[in-house]
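Q: Please take a close look at one helix of this model and the elements around it.

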Amino acid sequence: MAEQTTTIVSVTAEELSGRYAEPDWLRKMRAGAWEAFQAAPSPKLEKTDLRDRSWDIGPYPDEAGSPSEEAAAFVGQLAGQAYVHVRNGLAVAVQLPEELAAQGVVMTDLHTAVRDHAELVKVHLGTVVKPDESKWAALNAALWHGGIFVYVPRGVVVDTPVHFVYEETGQAAGGAPRALVIADEHSVLSYVEAFLTAGSQPDKVHTGVTEVIAKAGAKVTAAVAGGYRKGPTNFSVRRAHVGNDASVDWVFADIGDGFSVVLLESDLAGDGSESTVKGIGIGTGRQHLDLTASVLHHGRYSTSDIQLHGAMKDRANAIYRSSTHIYKGSVGAGSEQHDRMLMLDKRARADAIPMLLIDENDVQRCGHAASVGRIDQNQVYYLMSRGIPRSEATKMIIWGYLEPTVQSIPSEVVRTHLVRRINRELEA
């Protein structure tokens, strides 16, 4: 019998279904997810203690409130580009250029998509991240509020990035954003999520889910610029289902001081499918980040590559896991993992944990490398001998690890935003 947990949640699935006049199939999905959430035991993670963390979420506001200066400036740079802007769970702007709409591209907030593109949403929602796979996935499936829906038709190439801007002000009572991204056969898409958070109330929970579906031959780059802040407990699950000869390349960046449990995963279901995961993190304050980058190899001749780099300051504590599972039957699969963590202060901590699970004998390659350490003082000395001050030399070395991943983000606006935030943290 499953362990029962006591939870207080300030919003209900019924309220949300009523607010958005949702169809019966979605009402039933939310209700089933709510039952799964209530029945799920308290999660027990190897290196993250969740016993005293709150599961409360809501109440959700009726008005979005005013934007922060940072968010207003950020969104102002997206003029002419495709984006959905959600503040405190409510959509405040949806912009789709006419040339993309003319090609059949659909991009709107998820609540509107349920009404206007019901068949597409109904067929795909909850198929990549199952409502009952974890307590926080169930909570999101029951109470998701605010999100984005993207559909790219067969053979269409979207040559500019599509942005999902999720803003959370200091008054937010947690949140449950959800994204559903569908790239039909032989289409091409760059999708970017930017989270601009001031940190919601400390006794709340933030649980986000992103589902990416790359059908046969599709090419998707999915980037995430997060900044989980001190206060709530943050959970997120981002997973891609990758079809035959399709690819999904993840780029993940987190700069913050929050308490977060993050899963970033590709399911290489199709033969010849590919996925890469590049991730960076700057931990500050008393951050606790439990990040798992995972690839599941089911398809024959599927390939993957995981590269994670982190720099920890102050009393930040991070766990970076790289996990590759090659299932029986995935003949010719190949994978590599590289994790590198830098400790910038004596009280900062990090674990780099590589994991390889191989059930197939016929594998073309599979390896891993991981390290945790401090900056090589010989490198610092060399740069100082060229007249570069110690602080600048240290920053240059750190940027040497971070730069390739930052440049992989397919949005100049987000790259500029990240560079500014990283420099601000390194100079603090």
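A: Helix 10 lies across strand 5 (162–168), strand 7 (188–197), strand 9 (219–226), strand 11 and strand 13, and runs at about 35° to strand 11. The model is predicted: local features need pLDDT of at least 70 and side-chain atom pairs pLDDT 80 or more, while totals for chains, interfaces and linings use all residues. Residues are numbered from 1 along each chain as its sequence is written, and side-chain values use heavy atoms, without hydrogens and water. Helices (H or I, at least four residues) and strands (E, at least two) are DSSP runs numbered from the N terminus; contact means heavy atoms within 4.5 Å.

Helix 10 (residues 412–427) packs with helix 9 (residues 390–407) at an angle of about 160°, the axes being 12 Å apart. Helix 9 is therefore roughly antiparallel to helix 10 (the term covers angles over 145 degrees). Axes are lines fitted to C-alpha atoms, for helices over the stretch in contact, and angles run from 0 to 180 degrees between N-to-C directions. From helix 10, R415, V419, I422, N423, L426 and E427 meet K395, I398, W399, L402, V406 and Q407 of helix 9. By class, this contact has seven nonpolar, two polar and three charged residues.

Helix 9 lies across strand 11 (247–256), strand 13 (274–283), strand 15 and strand 17, at about 140° to strand 13. An open sheet of 10 strands has the order 2-1-5-7-9-11-13-15-17-19, with mixed pairing (strands pair if DSSP finds at least two bridges between them). Strand 2 (90–95) and strand 19 (363–373) are at the edges with a single partner strand each, so one side of each has no neighbour in the sheet.

Note on methods. Angles under 35 degrees count as roughly parallel, over 145 as roughly antiparallel, 65 to 115 as roughly perpendicular and the rest as oblique. Ala, Val, Leu, Ile, Met, Phe, Trp, Tyr, Cys and Pro count as nonpolar, Asp, Glu, Lys and Arg as charged, and the others, Gly among them, as polar.
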